[in-house]
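Biologist: I have some questions about how terms are applied here. Can you take me through them?

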Amino acid sequence: MDMDKLRLTSSEIGSLWGEYVTGTATDVVNRYMYSIIEDEAIKAVFNDALKTFEKQKNQIKTFIENEGFPVPIGFNETDLYPGKQRLFSDAFCLNYLHIMTLHGLLGHITSFGISVRKDLRDFYDSCDNDAKKMYHQTIELLLEKGLFQRDPLYYAYEHPEYVSSKDFKDGYFGKGRTLAATEMISISLNIKKSIMAKTLSIAFSQVAESKEVRKFLTNSEKTADGQIKSLAKILQGDNLPVPKSLETEVTISTDSPFSDKLLMYHMGFLFQAAQNYHGAGLASSMRTDLIATYESTIIQNLSVTKEWFVIMVKNKWLEQPPLAPNRSEIAKRK
């Protein structure tokens, strides 16, 4: 079989389509942040991010066009309003790039996992390497500037132990046990991502033009805040520190640097992507209170994304991905 002549599968086209739309949205935000950042070290990292995506964007376009599919509209300079008042601090911009890099790592490895054709596997392999490089850069710079919040430290036991009590699952009545290190993985990621979602909701609600969009963003901020408080309560119950909020890294500007379409898409992406992490947290949790928290969070996010979908469709902001052929409709054309 000639591997170079294989057509891309529906999953492969879908991954390219999603990478392009989300990538162009993030790129617009990165371009704005690059224009306002004053710290030269942070600015340099953003410059690398812009160059990296430009290279990836061109490759994605080539893949899609060679298969005869239209390149998605995505987001471009029409969604960016330059020269507006500064909305974010340099510190927030760096935290944003770090969190979005984490999303990129997950997205690239998922796309790699469903890719069959060698040129596409090689492409996602290079994307993964680019994302890992960016992850190193953002982590090192956050640490250097004292902005990175490390997870709580645990202390070593003398020897391995087995679970010896049914109370291991109990998290409600104080009879159980403290949080396991395996549970902290998802708790840490989820609370940090919720902090980012809340902060962006606040910033975007300040600048959105549409009253309907502002209302949605205000509601999404309340949802993210409630999820932060739920996880924070569990951490505090075990005398563990909670990551600090980022709200004060947002200025009081009401001049929007972005289109409402971009604001809405970005928040929808964050809430939808969060479901992967909440699902992973639910699967790795054994304490009943933690399980209940994740179940509630997943349901809340579904409600947010339902409202998001209605607004996006109403305003014709939601681009349609490639669909399977409708055989019934094709037969009617005969």
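Modeller: Start with the second largest cavity, which holds about 50 Å³ of space. A91, N95, L147, Q149, K244, L246 and E249 line it.

Biologist: What is the source of this model, and what are its limits?

Modeller: This is a predicted model: local features need pLDDT of at least 70, side-chain atom pairs count only at pLDDT 80 or more, and totals for chains, interfaces and linings use all residues. Residues are numbered from 1 along each chain as its sequence is written, and side-chain values use heavy atoms, with hydrogens and water left out.

Biologist: What makes a space a cavity, and what makes it a pocket?

Modeller: On a 1 Å grid over the protein atoms alone, a cavity is a set of points where a 1.4 Å probe fits but cannot get out. A pocket is an open set with protein on both sides within 12 Å along at least five of seven lines. Lining residues have an atom within 4 Å of a point. Grid points are joined across faces, edges and corners, and a volume is the space filled by probe spheres set on the points. By this rule there are 3 cavities of 30 Å³ or more.

Biologist: How is the lining of the second largest cavity divided?

Modeller: Into 3 nonpolar, 2 polar and 2 charged residues. Ala, Val, Leu, Ile, Met, Phe, Trp, Tyr, Cys and Pro count as nonpolar; Asp, Glu, Lys and Arg as charged; the others, Gly among them, as polar.

Biologist: What is known of the largest pocket?

Modeller: About 1,100 Å³ of space lies in it. Its lining has 46 residues, with E19, T22, G23, G104 and F269 nearest its centre. Helix α1 gives the largest share, 12 residues. Helices here are DSSP runs (H or I, at least four residues), numbered from the N terminus.

Biologist: Why is N30 called buried?

Modeller: Buried means under 20% relative accessible area, exposed over 50%, partly exposed in between (1.4 Å probe, protein chains only). N30 has 5%, so it is buried. N30 sits in helix α1, where 20 of the 27 residues are buried.

Biologist: And why is D122 called partly exposed?

Modeller: D122 has 40% relative accessibility, so it counts as partly exposed. D122 belongs to helix α4.

How values were computed:
Helix = DSSP H or I, 4+ residues; strand = E, 2+ residues; numbered from the N terminus.
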